2 protein chains.
Amino acid sequence: MNCILLPAANFSPTHALIDAPRQIEHISKVLGAQVGETLKIGQLGGNLGTAVIDEMTPAKIQLCDVRLTIEPPPKLDVTVVLALPRPKVLRRLVMDMTAIGVRDIVLINSYRTQKSYWQSPLLARLDEFVLEGLQQGVDTLVPRITLQKRFKPFVEDELASLMTNCAIVAHPYSELSLGQYLQQHAQPTVYTLNSAASISNQEHKQLHMKSALPSVVCIGAEGGWIDYEIELLAAQGCQAVNMGRRVLRTEAAVNALLGQWLL
Amino acid sequence: MNCILLPAANFSPTHALIDAPRQIEHISKVLGAQVGETLKIGQLGGNLGTAVIDEMTPAKIQLCDVRLTIEPPPKLDVTVVLALPRPKVLRRLVMDMTAIGVRDIVLINSYRTQKSYWQSPLLARLDEFVLEGLQQGVDTLVPRITLQKRFKPFVEDELASLMTNCAIVAHPYSELSLGQYLQQHAQPTVYTLNSAASISNQEHKQLHMKSALPSVVCIGAEGGWIDYEIELLAAQGCQAVNMGRRVLRTEAAVNALLGQWLL
């Protein structure tokens with residue numbers, strides 16, 4: 001937890017209340033914080049900031065001097081279409097996608113998604129994983145998560161409307177590499193350089209190019225997509241890209257791929 | 001497991017033997033493979049290729065028609081200096097760094113590494129996690145893993161010799177961003193484009209630049225590095241870079257950072 005997020009209902013004009021057991025435990029045991037100390041907090045859906053611990057009991061922590069003046073970081077303007085993974089990795093994947101700032105997440109059925117995954121009780125706990133991800137990534141804005149149990153109707157009828165610019169699907173066996181794709185889609189980007197980062201070499205000016213974030217990124221679960229799925233996605237304009245010869249775990253692939261567009 | 005790796009001792013001139021219970025279970029239960037089917041295999045430290053299942057029992061699988069003709073993918077020529085993480089995430093981190101191709105891994109003590117982590121029985125199982133990572137990433141070459149229980153002597157006396165070119169340390173609170181760093185260190189790179197990836201637009205030719213892989217990448221565990229550690233690293237020439245405003249889990253940070261140099 002790099003910040004403590006609270007729902008709007010827990011704020012009064014001057015104070016805020018922490019009553020969730022996991023947050024209280026984190027503050028008292030991991031942070032070892034005491035009355036008078038300042039915490040990084042945020043209001044779910046609102047701003048980030050700080051508050052001072054006014055009172056602590058095992059059941060609640062009262063905060064005073066609440067200052068919520070920092071806007072949350074911009075979202076990654078992307079829809080990640082993810083084949084529903086094993087329940088064991090679902091929590092970390094939702095946390096990571098939330099922490100890295102994905103705006104829309106579509107959990108979809110795929111040939112290699114086992115039917116039992118859709119019965120997992122963890123699917124009822126997505127809000128909890130999202131909160132963990134926001135508190136990890138220091139953000140207050142929840143991503144939208146949609147469940148799509150039918151692959152073909154979603155791809156054929158709904159995917160196109162999400163593709164406001166290009167779309168890619170991670171596929172270890174595609175001919176085009178992510179590096180090649182990024183080169184092809186690079187566009188001028190203005191970097192604001194501070195003094196610590198001044199560019200001394202004029203030659204570097206030509207490098208102010210960055211690849212545009214695709215509007216849709218599709219990532220398979222273990223075993224990846226089957227050819228039929230890749231074909232259906234390609235028919236909608238989704239470009240298959242490989243990430244090198246190495247095949248990464250889904251979690252690793254999500255972070256390695258989206259990491260290209262970290263703000 | 002995207003390939004089954006076997007030690008050299010398990011190969012004869014014409015055959016190969018699988019006797020590890022986890023591999024047998026994967027082949028029979030996950031892949032559901034049967035006699036006559038072809039498997040992707042590799043020889044630890046050697047080549048990758050295929051073999052045909054000749055005979056299967058619950059205790060061993062005999063392979064024939066062994067063809068090891070494919071060289072393993074090139075390693076990422078980097079040393080990752082990683083603050084020893086919680087045992088729970090150690091396995092996945094070693095797997096992921098191995099799968100993504102890191103050549104050298106240094107697990108180091110840090111202020112925020114709890115002493116108990118060094119007593120974890122998982123530290124005796126690193127070879128097993130490396131094998132998992134190689135079988136995930138489809139590689140045969142094990143990374144070198146070194147344990148360094150003392151931060152200061154390592155940084156002051158040994159780090160410099162590993163820095164054959166630049167070095168970075170991931171630090172959410174640094175002024176320089178990874179994006180800025182990559183711009184500053186970009187250098188011409190030749191891409192081999194296949195027909196599927198032909199560049200139609202001449203303007204893109206100026207973009208054949210890629211940032212050089214640092215020789216050393218330092219990544220903290222949960223809670224990151226303390227200022228003193230960042231200062232010691234900086235004194236050796238290690239540049240602190242942030243990866244945006246968002247703070248990622250160590251696993252996510254490792255993949256998002258190294259993903260910039262996926263081959």
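Nine residues of domain 1 of chain A are in contact with six residues of domain 2 of chain A (contact: C-beta atoms, placed from the backbone, within 7 Å). On the domain 1 side, strand S1 (4-6) and strand S3 (38-43) of chain A each supply at least two of the residues that touch domain 2. By class, this side of domain 1 of chain A has four nonpolar, five polar and no charged residues. Ala, Val, Leu, Ile, Met, Phe, Trp, Tyr, Cys and Pro count as nonpolar, Asp, Glu, Lys and Arg as charged, and the others, Gly among them, as polar. Domain 1 of chain A spans 4-70 and domain 2 spans 76-261, with bounds from an automatic or database domain assignment. Their C-alpha centres lie 32 Å apart.

The model is predicted: local features need pLDDT of at least 70 and side-chain atom pairs count only at pLDDT 80 or more, while totals for chains, interfaces and linings use all residues. Residues are numbered from 1 along each chain as its sequence is written, and chains are lettered from A and ligands numbered from 1 in the order in which they are written.

Strands are DSSP runs (E, at least two residues), numbered from the N terminus. Two strands pair if DSSP finds at least two bridges between them. In chain B, five strands form an open sheet of mixed pairing, in the order S1-S3-S4-S5-S2. Strand S1 (4-6) and strand S2 (16-18) of chain B stand at the edges with a single partner strand each, so one side of each lacks a neighbour in the sheet. The twist averages 45° from one strand to the next (axes are lines fitted to C-alpha atoms; angles run from 0 to 180 degrees between N-to-C directions). S2(B) and strand S5 (residues 61-70) of chain B run antiparallel, joined by three bridges. Here Ala16(B) stands opposite Leu63(B).

Another open sheet of chain B has six strands, ordered S8-S7-S6-S12-S9-S13, with parallel pairing. Its twist averages 20° from one strand to the next.

In chain A, strand S12 (residues 216-219) is covered on both faces. Val216(A) and Cys218(A) are buried on one side, Val217(A) and Ile219(A) on the other (buried: 20 or more other C-beta atoms within 10 Å of the residue's own, C-beta atoms being placed from the backbone). Strand S6 (residues 76-83) of chain A runs parallel to S12(A) through four bridges. Leu82(A) has Ile219(A) as its bridge partner. Three bridges join strand S9 (residues 167-170) of chain A to S12(A), also in parallel. Val169(A) stands opposite Cys218(A).

Note on methods
Contact = placed C-beta atoms within 7 Å. Buried ≥ 20, exposed ≤ 12 C-beta atoms within 10 Å, placed from the backbone.
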